[in-house]
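Have the 3D view open while you read.

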Amino acid sequence: VVCYCIFKTEGSKTGPKKMDEEKKRFIERGSHKGKGIAVFTSGGDSQGMNAAVRAVVRMGIYLGCKVFFIKEGYQGMVDGGNNIVEANWSSVSSIIHKGGTVIGSARCADFRERTGRQKAAKNLVEKGITNLVVIGGDGSLTGANLFRQEWPSLLDSLLQNGEITKEQREKYKYLHIAGLVGSIDNDFCGTDMTIGTDSALHRIIEAIDAIVSTAYSHQRTFIMEVMGRHCGYLALVAALTSEADFVFIPEWPPERDWANKMCKKLLQERAAGQRLNIIIVAEGAIDRDGVPITAEKVKQVVVDNLKQDTRITVLGHVQRGGSPSAFDRVLGCRMGAEAVMALMEATPDTEACVVSLDGNQAVRLPLMECVERTKAVAQAMADKKWELAVQLRGRSFARNLETYKMLTRLKPPRSAFDESGKGLEGYTLAVMHIGAPACGMNAAVRSFVRNCIYRGDTVYGIHDGVEGLIAGNVQVMKWSDVTGWVGQGGAMLGTKRTLPGQRVPQIAARLKEFKIQALLIIGGFEAYQAGIQLTENRSNFPEFCIPIVVIPSTISNNVPGTEFSLGCDTALNEITEICDR
């Protein structure tokens, strides 16, 4: 059986039942005429917030609602007046590509007091607003939930003071809340990605790519400090995608003798011919005793022990700035539209929800349940329960951490080989490309090669696709052969669109010659076709009776069975960047 590596979740299944559900959810234009919705951004800004604001406004107008901006977050809600203005379709034109938030964001001490929330309630009632879309972090969402819980008593106080009428008290007696998480740190539990995280990662990777060239020239060690006071997601993923030599994050502090281990690793890499080193430090990094590990502290260790030319780069608010990535624009649009749908479908008994990303689907989750899980991570770190902290961050975070630790080893573990140096597992696998090149191919090959070697297997790299295999252009891949591949575009192994066709016997002969027991094909639709052609000839050639896996890799994202293929995200970012110009 040909296996296809697909990027898909349970929520993305299609079929008659799913299609029926989608038809039932279709809401006609103007079906919720007269309802009042307001959208505001609170806390730290993040790229993609404007896309979410735009989606809320236009979805609300489409459904017939009166949609309002609340400017300057909770402060604008408390102050009222010109801070709460009705939006129209053109109000959100040409904002999707802008960073930050066009309606402003501010910290508000007044809203923390009941008197401030009472003023906010009065301002909302005067505008006929009973539905709120909150875009912010866990603090902003928690404040919104408290506001919702107090809403009946706040209206009673306003009625008693003569600030609203009985008719208003009855008409606006329910307040519904839908939250969207806007945070570059990706520090909210319950969602795979928060609005702004992907763009912040782009800023970090761009900075690292720029630093690498000067570091290489002068054989320097660079220490990059990135945001993440309570969450190490940005630092971890940046380290994974840049092949950083060491990373410090708050959820998984280094071992107590980290200074010696780090220096030993840096020395080994320089001895192996590496001209530069990159170390990434999250601003909230700590050691096992909870003592902060700063970029300055790391630099001091490197300079004192290795005498290397070491520099620090603090990216700071650069990570928040700039235009949002294509992913954040789509994420903001989808989450904003889903938030409006959630409010329109809410009943008096519906609890406040947060719109999250699960796989590739926008889903609704209980807001306070997610907030409590987020707080549990902080508590686990305070209690020094590091494994629990990583677990609470979610499976994706834990897998990223394990992948980073495995892929950034200087060489495979001794436990993977016997005394003669032969792999213990003993399988022989091969990897090749078929089809057009796409960004991400090299990162996939690097991960595959090192995973195989880590297990004690032998892995072959087949150059130039089918033609290279037939010509015997095959090499044993070593751990160091794929160093530096993760950030390279194109296909380092080479790729061609040629399919097996009539040359199946030659391919079978090569597989037999190299004793290949499993084959990974990375490519687009041609890779699918090649895999099928090989399996269709299994009855004639036993060499094809092996596991064959295909990883979809095409910028067109036009292959079946997966929602994303390698390369399409990079291509989208290039397109949006050109359009922005």
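## Aromatic pairs

There are 9 aromatic pairs in the structure. Rings of Phe, Tyr and Trp (its six-membered ring) pair if their centres lie within 6.5 Å; planes under 30 degrees apart are stacked, over 60 edge-to-face, and the rest tilted. One of these pairs is Phe 111 with Phe 147, edge-to-face at 5.3 Å centre to centre and 65° between the planes. Phe 111 sits in the loop between strand 4 (84-86) and helix 4 (114-127), and Phe 147 in helix 5 (residues 138-160), so this pair ties together parts that are 36 residues apart in sequence. Helices (H or I, at least four residues) and strands (E, at least two) are DSSP runs, numbered from the N terminus.

Phe 147 also pairs with Trp 151, again edge-to-face: 5.6 Å centre to centre, with 85° between the planes. The two are about one helical turn apart, because 4 residues separate them in helix 5. Phe 111 counts as buried at 5% relative accessibility, Phe 147 at 0%, and Trp 151 has a relative accessible area of 0% and is buried too. (Buried is under 20% relative accessible area, exposed over 50%, partly exposed in between, with a 1.4 Å probe and protein chains only.) Ring pairs join Phe 40, Tyr 74, Phe 111, Phe 147 and Trp 151 into a cluster.

## Arginines over rings

Arg 275 lies over the face of Tyr 216, 4.9 Å from the ring centre. Arg 288 does likewise with Trp 252, at 4.9 Å from the ring centre. The cut-offs for a charge over a ring are NZ of Lys or CZ of Arg within 6 Å of the ring centre and within 35 degrees of the ring normal.

## Reading the values

This is a predicted model: local features need pLDDT of at least 70, side-chain atom pairs count only at pLDDT 80 or more, and totals for chains, interfaces and linings use all residues. Residues are numbered from 1 along each chain as its sequence is written, and side-chain values use heavy atoms, leaving out hydrogens and water.
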